[in-house]
Amino acid sequence: MIRIENLVKSYGAGNAQVHALRGVSLEVQSSEILMLMGPSGSGKTTLLSIMGCILRATSGSVRIGGKEIVGLPESKLPRVRLEHFGFVFQGFNLFPALTARENVELAFKLKGLKPRAAELLERVGLGDKLNTYPRDLSGGQKQRVAIARALAGDPPIILADEPTAALDSQSGQTVMEILAGLARERNRSVVMVTHDNRVLHYADRIIRIEDGLIAEDSEELAA
């Protein structure tokens with residue numbers, strides 16, 4: 001699903017140059033829940049952002065479904081994002097003036113698709129909240145709306161940045177059950193950055209990033 005080889009991301013130049021990633025290589029399989037862990041500033045969110053075509057790599061290779069994305073013209077990256085990825089963020093990123101249904105419908109409209117917002121909200125257990133505004137939803141409910149929005153167009157890969165960090169334990173578990181169901185029942189890949197030890201048992205694989213390098217890969221440890 002995703003193949004990354006010798007990925008480098010640097011900022012600045014000369015003596016002021018900072019290396020956020022220093023030669024990362026990994027593969028993400030279909031139906032896999034992969035968790036990226038590591039201290040703040042280790043490079044895990046940078047890695048997630050390059051996977052999702054939000055940031056551009058300095059060098060290396062990133063293949064999504066066999067297609068190289070490093071070096072693609074900027075004009076082609078939005079189409080790659082729309083076709084391959086759904087994004088879930090810690091801060092929900094919902095539009096406060098739109099209802100739950102309208103927030104999800106917007107994602108369909110951006111992809112040029114017929115809206116199926118009610119169906120997706122029903123899937124995440126919010127069929128009774130279609131016309132509710134974000135201000136009247138709990139944190140866990142907002143995150144479920146964000147997941148429903150990420151599912152617009154049925155993308156093969158879900159990228160999640162700290163999706164449970166702002167949630168209580170029960171809400172976090174509900175969110176993880178939904179993400180795990182997507183991977184195991186709907187053949188989706190889920191890659192998430194997390195510091196939340198409460199959700200690690202959902203992972204098929206955990207990669208620890210330190211100083212821009214892979215310090216530990218649970219798949220290699222198990223081999």
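Guide: Happy to. In this predicted model, Phe 85, Phe 87 and Phe 89 form one aromatic cluster.

Visitor: How many aromatic pairs does that rule count?
Guide: The count comes to two aromatic pairs. The ring centres of Phe 85 and Phe 87 lie 5.9 Å apart with planes at 40°, so that pair is tilted. For Phe 87 and Phe 89, the centres are 6.2 Å apart and the planes make 5°, so this pair is stacked.

Visitor: And is Phe 87 buried or exposed?
Guide: Phe 87 is buried, with a relative accessible area of 19%; the cut-off for buried is under 20%. Phe 85 is buried too.

Visitor: What about Phe 89?
Guide: Phe 89 is partly exposed, at a relative accessible area of 28%.

Visitor: Switching to strands: which residue is the bridge partner of Phe 87?
Guide: That's Leu 159, in S7. S6 and strand S7 (residues 157-161) pair in the parallel sense, over five bridges.

Visitor: Nice. What's the strand order in the open sheet?
Guide: The six strands run S6-S7-S8-S3-S9-S10, with mixed pairing. Strand S6 (85-89) and strand S10 (213-217) are the edge strands, each pairing on one side only. From one strand to the next, the twist averages 20°.

Visitor: Which helix touches S6 and S7?
Guide: Helix H2 (residues 77-84) packs on the sheet there, and its direction makes about 85° with that of S6.

Visitor: And where does helix H6 lie?
Guide: Helix H6 (residues 169-186) lies across strand S3 (33-37), S7 and strand S8 (189-193), running at about 130° to S3.

Key
Residues numbered from 1 in each chain as written. Predicted model: local features only at pLDDT ≥ 70, side-chain atom pairs only at ≥ 80, totals over all residues. Heavy atoms only, no water. Pairing = 2+ DSSP bridges. Helix = DSSP H or I, 4+ residues; strand = E, 2+ residues; numbered from the N terminus. Axes fitted to C-alpha atoms, helices over the stretch in contact; angles between N-to-C directions. Contact = heavy atoms within 4.5 Å. Phe/Tyr/Trp six-rings, centres within 6.5 Å; stacked < 30°, edge-to-face > 60°. Buried < 20%, exposed > 50% of the residue type's maximum accessible area, 1.4 Å probe, protein only.
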